[in-house]
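The sequence and structure come first.

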Amino acid sequence: MEHIKNALYIVSYVLMVAALLIVSVFFRQVLASVLLIFLIILPFISLYAGSYGARHISVSASLPAECVYEGDDFRIRLTIRNTSPVPMLRCILDYTFCNMYKQDDRSFRMTLPGESFANETYDVSFKTALPGVFTFDSDLLLVSDPLHFRTFRIKNEIHIRCYIMPRTIPIPYVPLTMYEGEAADEIVSESGELTRDIRQLREYRAGDRLKDIHWKASAQKGELIAKEYERSTDLFYLLLPEVKKGEEEKVLRRYYSLGKAMVEASMGFICSVFDPSDKSFEDLRVSDADSLNDSICRIMEHKSTSEDVYANYMYQNPECTGVIRICPEEIINT
């Protein structure tokens with residue numbers, strides 16, 4: 001496309017020079033002859049100036065705000081720096097812009113002016129309809145010489161990520177259950193003590209809970225071995241956001257709304273984040289607004305999935321109870 005535009009400029013310029021040549025030959029005008037010589041030399045000057053200016057121009061980007069809320073404008077601050085005396089008035093920035101949940105490979109363009117010896121800043125706004133991680137990426141800057149005879153392709157790396165936070169929604173009252181399971185053994189409670197302390201392993205006795213059986217030791221000894229605890233289990237809340245493909249915003253809004261209500265009520269909790277790439281879970285402690293924001297940013301960094309997140313969690317933690325599932329349409333206690 002750029003080659004076609006350049007060709008049109010060249011053809012127009014050649015026609016103008018040809019017309020001036022006819023005038024200078026048939027009418028023998030001295031001024032026309034001087035102007036003709038100047039027009040013949042000018043393209044070489046323009047190409048050199050364009051080549052020189054292209055080596056001294058760059059575009060960088062920054063975020064005025066680290067995160068915004070869905071529905072608000074997502075703004076990027078572009079800084080165009082031209083250290084040469086050549087004004088590059090037609091700088092085209094190729095870029096992609098999309099929500100990581102809604103991948104879009106389309107390329108867009110914006111035209112920016114590159115004044116000589118200038119360091120100009122421009123704010124560009126984009127609309128955001130859904131929560132998630134929005135990306136702005138650009139690898140190429142196109143710069144034309146003053147006569148637009150040639151377009152120079154400049155490698156220009158810009159990679160911006162902005163977290164678009166969900167809006168809160170009304171959450172109907174749900175009686176929340178507390179979590180208990182093997183995964184809690186190494187989670188530190190609010191008092192700074194381990195949530196479960198095994199005092200010793202002993203033979204199974206009538207009345208012992210099945211969840212207290214130590215299956216590895218039982219397999220090695222050939223008889224049932226139970227875990228005896230130093231004290232009773234310190235329970236806590238565990239939220240499991242199930243970010244499904246096509247319904248990401250529903251889960252994010254429901255988790256953020258419930259999490260905010262729990263934090264405001266001084267109800268700290270653990271958020272277990274599912275990573276579809278290796279089917280692992282990362283437990284994040286949430287106790288205030290900052291850690292709540294950190295947890296939802298961490299959730300949005302992972303892709304959504306079509307897998308059953310709860311089934312994966314139970315497969316890895318078969319003895320646990322009390323998981324609070326954050327589903328697209330409801331909150332489920334298990």
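The points below cover the sheet, the hairpin, the helices and the cavity.

This is a predicted model, in which local features need pLDDT of at least 70, side-chain atom pairs count only at pLDDT 80 or more, and totals for chains, interfaces and linings use all residues. Residues are numbered from 1 along each chain as its sequence is written, and side-chain values use heavy atoms, with hydrogens and water left out. Helices (H or I, at least four residues) and strands (E, at least two) are DSSP runs, numbered from the N terminus. Two strands pair if DSSP finds at least two bridges between them.

**Five-stranded sheet**
- Five strands form an open sheet in the order β2-β8-β7-β4-β5, and the pairing is mixed.
- Because β2 (67-69) and β5 (108-114) each have a single partner strand, they stand at the edges, and one side of each is left without a neighbour in the sheet.
- On average, neighbouring strands of this sheet are turned by 35 degrees against each other, direction ignored. Axes are lines fitted to C-alpha atoms, for helices over the stretch in contact, and angles run from 0 to 180 degrees between N-to-C directions.
- Within the sheet, β7 (residues 132-144) and β8 (residues 151-165) are antiparallel and share 12 bridges; Phe136 stands opposite Ile160 in β8.

**Hairpin of β12 and β13**
- Strands β12 (residues 269-275) and β13 (residues 280-286) pair in the antiparallel sense over seven bridges, and Phe269 has Val286 in β13 as its bridge partner.
- Four residues lie between these strands, and Lys279 takes a positive phi near 60 degrees.

**Helices**
- Helix α1 (residues 2-27) has 26 residues and spans 38 Å from its first C-alpha to its last, close to the expected 38 Å, which is 1.5 Å times one less than its number of residues.
- Buried residues (under 20% relative accessible area, 1.4 Å probe, protein chains only) in α1 are Glu2, Asn6, Tyr13, Val17, Leu20 and Ser24.
- Their cover includes α2, β4, β5, β7 and β8, with contact meaning heavy atoms within 4.5 Å.
- Arg28 follows α1 and has a positive phi, near 50 degrees.
- Helix α2 (residues 30-54) lies across β4 (88-99) and β8, at about 35 degrees to β8.
- Helix α5 (residues 289-301) lies across β7 and β8, at about 130 degrees to β8.

**Cavity**
- On a 1 Å grid over the protein atoms alone, a cavity is a set of points where a 1.4 Å probe fits but cannot get out, and lining residues have an atom within 4 Å of a point.
- Grid points are joined across faces, edges and corners, and a volume is the space filled by probe spheres set on the points.
- There is one cavity of 30 Å³ or more, and the largest cavity has a volume of about 80 Å³.
- Residues lining the largest cavity include Tyr101, Pro241, Val273, Phe274, Ile299 and His302.

Key:
Buried < 20%, exposed > 50% of the residue type's maximum accessible area, 1.4 Å probe, protein only. 1 Å grid on protein atoms, 1.4 Å probe; cavity = no way out; pocket = protein on both sides within 12 Å on 5 of 7 lines; lining within 4 Å.
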